[in-house]
Amino acid sequence: QVQLVESGGGLVQPGGSLRLSCAASGGSFRLYTVGWYRQAPGKQRELVAYITSGGSTNYADSVKGRFTISRDNAKNMVALQMNSLKPEDTAVYYCNANRDFLGKKYDYWGQGTQVTVSS
């Protein structure tokens, strides 16, 4: 069982930066692929970025060059550095950890943190 807690959301002006953190407890966090998703009002949840247990990363086209995902396995933490924020980045951001092990899928979500980009 893995518990995830996001933090770092808030209100920021366009062009500003925020750093989101996902803190994990329980389980072998270092073995999980961890992703950041977001959901804007009236829209489906979408993948923003993910980082594998080996450190490989992948980003949605909409955030490439602006967002950076990283992990610190010693601290059981994954961060999402968000720069050059745009109003369309406004959403609730969720952390997800998942892995497949011995034919079983393990999938955990945090409670989300609100990011609002507005002047």
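In the hairpin of β5 and β6, which places 5 residues between its strands, Gly-55 adopts a positive phi near 95°. The strands named here are DSSP runs (E, at least two residues, whereas helices are H or I runs of at least four), numbered from the N terminus. This is a predicted model, in which local features need pLDDT of at least 70 and side-chain atom pairs count only at pLDDT 80 or more, while totals for chains, interfaces and linings use all residues. Residues are numbered from 1 along each chain as its sequence is written, and side-chain values use heavy atoms, with hydrogens and water left out.

- β5 pairs with β6 (residues 57-59) in the antiparallel sense over 3 bridges, where two strands count as paired if DSSP finds at least two bridges between them.
- Within that pairing, Ala-49 has Tyr-59 of β6 as its bridge partner.
- β4 (residues 33-39) and β5 (residues 46-51) run antiparallel and are joined by 5 bridges, and Gly-35 has Tyr-50 of β5 as its bridge partner.
- The hairpin of β4 and β5 has 6 residues between the strands, and Gly-42 there takes a positive phi near 75°.

**The open sheet**
- An open sheet is formed by 4 strands in the order β1-β3-β8-β7, with antiparallel pairing.
- Because β1 (3-7) and β7 (67-72) stand at the edges with a single partner strand each, one side of each is left without a neighbour in the sheet.
- β7 and β8 (residues 77-82) run antiparallel and are joined by 6 bridges, and Arg-71 has Val-78 of β8 as its bridge partner.
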